[in-house]
Amino acid sequence: MAPQRKTLLTPNLLLSNPFWTFFTLSLLSCLSLRRSSVAMIPFFTVCEQSHIFVLCVHPDLREIVFVIQSQSNSFHVRQAERRRAELLKQAHSLSEVRLKALLSYSFGKNSSWIVFLEEETSVKLNKFVEVLAKFDKNKEWFLGKPLHDEESTIIHHYAFAENPSIFKYPDFAASWVLSIPLVVRLANKVRDEPLKSDFTIDLKHEVALYIWDSGKGPHLTAVPELCTEPEDSPRAQSCATTLSTESPLCGEPVNKEDIFVAVKTCRKFHSERVPVIKKTWEKDALFLEYYSDHADPSIPTINLGVPNTERGHCGKTFAILKRFLSSAVPKTKWLLVVDDDTLISLPRLQILLSCYNPSEPVCLGERYGYGLSQGGYSYITGGGGMVFSREAVLQLLNSGCKCYSNDAPDDMVLGMCLNALGLPVIHSPLFHQARPEDYAGDFLAHQVPISFHKHWNIDPIAVFNKWLKDDSRATASDGLNKSAKTEL
């Protein structure tokens with residue numbers, strides 16, 4: 001057997017650097033893999049070095065390559081495996097689609113399309129083949145369900161400020177598709193022109209910007225059949241993709257007594273922000289403490305002996321981690337760290353956490369990236385809430401990880417430490433670093449969100465009541481699609 005190729009990315013880089021995954025993995029896995037680096041079975045190829053699964057189906061002598069994006073965690077691997085099995089079952093049952101075992105040397109020779117799926121994306125394979133047949137495979141195509149900004153937003157670096165709705169980017173949950181001619185050009189571009197952006201914030205927007213390339217590349221082409229409707233909805237009849245309404249392989253919601261909540265605040269916000277928490281979500285926490293630079297018994301707040309800083313708060317966060325492991329607070333399985341202007345639904349978090357094993361080192365929230373193209377790291381952005389299993393906190397503190405200054409960015413320092421330990425940062429799109437106004441309406445429409453952040457120019461209590469308050473547990477209402485329960 002030939003030696004394994006040295007050009008393949010390592011598993012950690014694949015999982016922590018999704019932008020490189022999309023383009024470089026596409027080229028390597030689907031155009032130039034060797035037998036020694038893949039497990040070959042009829043109709044299916046799985047990259048053993050990552051939790052990204054590649055299903056190659058031959059309709060009329062063309063390959064459609066399905067890439068299922070997953071994460072390095074047992075729950076997410078199970079979800080991706082289930083999606084893989086569903087696609088494979090359809091492929092076997094479609095008599096009108098010609099299927100044959102794939103040989104690695106044929107990859108690229110007949111490939112036509114690469115389709116990127118999320119774990120919750122359901123595919124009607126026969127319909128999908130019909131949709132792609134409408135497009136010339138020899139041209140550059142970027143296909144998907146378009147999203148757009150109603151107003152310029154910080155999460156997109158205020159791009160297209162004069163007319164933000166003019167730029168369209170794909171809703172990953174509906175799937176998105178690249179033709180092979182475009183994939184080849186993009187792979188060459190990634191290889192020859194290193195990515196210039198320091199921060200990765202909203203990947204779907206940044207991918208679209210990279211492909212558009214200031215007008216040198218194609219815009220996103222809207223495909224109505226790529227949908228985010230629930231798969232059992234009457235509106236999904238004409239859809240090639242839908243959102244799965246099956247419950248994930250999880251147990252009952254975790255108990256309140258299993259979560260310790262740490263709120264970071266400071267004296268100047270005691271009267272402005274803390275009352276919002278008390279009027280909204282504090283009642284759902286059994287164990288909660290406010291940490292400040294001033295001990296105020298009326299709240300009450302706890303002074304950890306760390307001076308307040310205008311930014312960063314690394315010293316305060318690491319003091320919270322140490323207190324979590326001490327006998328000063330109840331021993332719980334999970335730690336949630338939030339800002340004093342974070343709005344969050346703890347009942348929904350309890351449902352989500354039922355999918356994760358607290359005996360594993362779990363670090364969960366909205367994932368951002370820094371310097372990923374130069375060997376950087378991913379981190380949980382703090383404003384949307386950072387969730388840690390007790391095991392993760394133990395490993396972080398036992399590693400000797402610490403702040404280089406009290407005002408260092410806590411979330412980024414933690415990201416560097418997790419990267420050094422080889423612990424994955426687990427992303428959930430249900431956590432939000434910004435306000436609802438900062439996200440596309442169609443993106444939020446198929447979510448039951450867990451958190452938002454910032455009180456700027458909004459009524460935070462009204463936002464909580466509209467987006468996060470549950471009359472019954474995780475009920476989808478006011479435009480929130482029940483299919484998002486798959487995420488919970």
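**Close-up views of strands, cores and a helix**

**View 1. Strand S23 and its partner strands in the predicted model.** Trp334 stands opposite Ser389 in S23, within a pairing in which strand S18 (residues 334–339) and S23 run antiparallel and are joined by four bridges; two strands count as paired if DSSP finds at least two bridges between them, and strands (E, at least two residues) and helices (H or I, at least four) are DSSP runs numbered from the N terminus. Strand S20 (residues 363–365) also pairs with S23 in the antiparallel sense, over two bridges, and here Leu364 stands opposite Val387. S23 (residues 386–389) is covered on both faces, with Met386 and Phe388 buried on one side and Val387 and Ser389 buried on the other, where buried means under 20% relative accessible area (1.4 Å probe, protein chains only). In a regular strand the side chains alternate between the two faces of the sheet. This is a predicted model, in which local features need pLDDT of at least 70 and side-chain atom pairs count only at pLDDT 80 or more, while totals for chains, interfaces and linings use all residues. Residues are numbered from 1 along each chain as its sequence is written, and side-chain values use heavy atoms, with hydrogens and water left out.

**View 2. Leu336 and the largest nonpolar core.** A nonpolar core is a set of buried Ala, Val, Leu, Ile, Met, Phe, Trp, Tyr and Cys residues joined through side-chain atoms within 4.5 Å. The largest has 72 residues, of which Leu178, Val261, Trp281, Leu336, Tyr356 and Leu364 touch the most other members. Helix H6 (residues 203–212) gives the most to this core, with six residues. Leaving aside neighbours within four places in sequence, Leu336 is in contact (heavy atoms within 4.5 Å) with residues including Ile259, Val261, Leu346, Met386 and Val387. A second, separate core of 26 residues includes Phe318, Met386, Phe388 and Leu396.

**View 3. An open sheet of three strands.** The strands lie in the order S11-S21-S22 with antiparallel pairing. Strand S11 (199–200) and strand S22 (377–380) stand at the edges with a single partner strand each, so one side of each is left without a neighbour in the sheet. Two bridges join S11 to strand S21 (residues 367–370), and Phe199 stands opposite Tyr370 in S21.

**View 4. The buried side of helix H4.** In H4 (residues 125–132) the buried residues are Leu125, Phe128, Val129, Val131 and Leu132. They cover an arc of only 160 degrees around the axis, taken from the directions from the helix axis to the C-beta atoms, which puts them on the same side of H4.

How values were computed. Buried < 20%, exposed > 50% of the residue type's maximum accessible area, 1.4 Å probe, protein only.
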